[in-house]
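Please keep the sequence and the structure in view while reading.

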Amino acid sequence: MSRPILQDAVRAEAVIRSFLKASRRPAVLDPGQAPLELRHDNYALEWRGGRLMLEAWNDTQNLVRRIAGVREHKRGRLELIIERFGGRRGLLLLADLERGDRAALERYSLRQTLRERLRRALSRQWPDWVVAELSCEAHLEESLSPAYARAMLRRGRQGWAALMAPSDPSAASGALSFGLLWLDYLRRKQQRLFIQGLILFLPDGSEETTCLRLAWLDPDVAEFRVYVYSEEGGEEPVDPADHGNLDTRLEELTRPHPDRPPLAPWAEGLTRIPGVECVSRQDGNLSLRVRGLEFARLKGSALRFGLNRYIPARKSKLEEVKELARELARLRSAEAADRSHPLYRLQPERWLESQVRANIQRIDASLLPEPIYSQVPAVAGVERGVMDLLAVDQTGRLAVLEIKASADLHLPLQALDYWMRVRWHLERDEFTPRGYFPGIALRPDPPRLLLIAPALEFHPTTETILRYLSPAVDVERVGLGVEWREDLQVVFRVRGAQRPES
């Protein structure tokens, strides 16, 4: 045993004994196991053959670990470095169950379990490579989440980044974003190594979204490997090319009947209230909104209104509907006195969408102001926190507009989800037969992709993730001025992963 490890273990013994003495309800948390409470008669901390050993037991558990040092000491918790067979390092947690946050301890245990699962998976699937780094800690400077276990494999001058997602489906959908950030971080940190690419381990059944996205990353920039794992144990490689069927649908567009007025005559006055907009929906209905927030909907000749739930609006209710619209227009205004009011802050993406619709040619002078469709086609089974619009330019080329009012690390890949579906339907020439873009000859070229957000609200990682997209994805970022609610102004426009000029 080397001298530095002995010194660490000697110091660790004193810290452990002091922690146990001060704890009211001490326990040891081994990843994947229930907390094992420590009493005076069910554990031993002693030296055996020159090594510090911690042994604990109860009716169902027996734990023996070799202590190499202390990694972190916080109130109510003590994180220990342990030495495994073959000299590998691991972590073990001592906690005071009365002083520590029980929920935080459970999260810690789950993270450590995932970390161990990744280590075992890599040793089985990549036995000729050394696990040079292994972590499940947050790395805020690099936007790396503690929800995922991360590793670096090394063999000679070559390396791979690896990331494992927990069994939570929403976390699995974000795995590729965080995996690309981890890969990029290792490439910057380990400049003497050639980091070939990224290995992803995903829960079985949650891999489809990631595999579909991988088809649109640049193979000249990085290689990718995907495995699925089950709760029962074991991993299987999957071929992303086998996941070519998109879960997407393009509904038939129903236009309002040409003989029907946009609104019942008695309700036409609603549209003359400042701030009210009337937007056609794909189902043929009309949506009445105030700066993106819907307050009424016309179906046939029946008008329904409300915010939380819709109720029928007859002539007797007209003044009530108008009052709702006026109040929304007052509260959802760039000049509103109370910017903390819930109705001012509600659905900022919808508000920004309404501004983009009204000023589409400020976003891009080549885009036609009409028609513009939202949420077409539908994206099923994918979490989306963005608004999407589908427009067309003067040459007949489609443009996908993804709109986000606040910083979102996942924006590039969520936008890719929508772009690939639009491209899929375009390749099959489905838009014109189903009633979209009447009278316009659509070009077969893949659609453009515009990411639109306030300039200061693009997440710092956006450029990093965009560097990995295929050149076939024609993407552009459009940064807006901070006062976009008052006046939509473009402050920068850059292609791909380029940086805006200072």
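Is arginine 297 partly exposed or buried? Arginine 297 is partly exposed, with a relative accessible area of 25%; buried means under 20% relative accessible area, exposed over 50%, and partly exposed in between (1.4 Å probe, protein chains only). The model is predicted: local features need pLDDT of at least 70 and side-chain atom pairs pLDDT 80 or more, whereas totals for chains, interfaces and linings use all residues. Residues are numbered from 1 along each chain as its sequence is written, and side-chain values use heavy atoms, without hydrogens and water.

Arginine 297 forms a salt bridge with glutamate 294, their closest N and O atoms lying 2.8 Å apart. A salt bridge here is a side-chain nitrogen of Lys or Arg within 4 Å of a carboxyl oxygen of Asp or Glu. Glutamate 294 counts as buried, at 15% relative accessibility. Elsewhere, salt bridges with shared partners join Asp364, Arg397, Arg448, Asp474, Glu476, Arg493 and Arg495 into one network.

The whole structure holds 41 salt bridges. In one of them, glutamate 37 pairs with arginine 25, with the closest N and O atoms 2.9 Å apart. Glutamate 37 lies in strand E2 and arginine 25 in the loop between helix H1 and strand E1, so the pair ties together parts 12 residues apart in sequence. Helices (H or I, at least four residues) and strands (E, at least two) are DSSP runs, numbered from the N terminus.

Arginine 150, in strand E9, is buried yet has no salt bridge. The nearest side chain of opposite charge, glutamate 133, is 7.3 Å away; Lys and Arg count as positive and Asp and Glu as negative, with His and the chain ends not counted.
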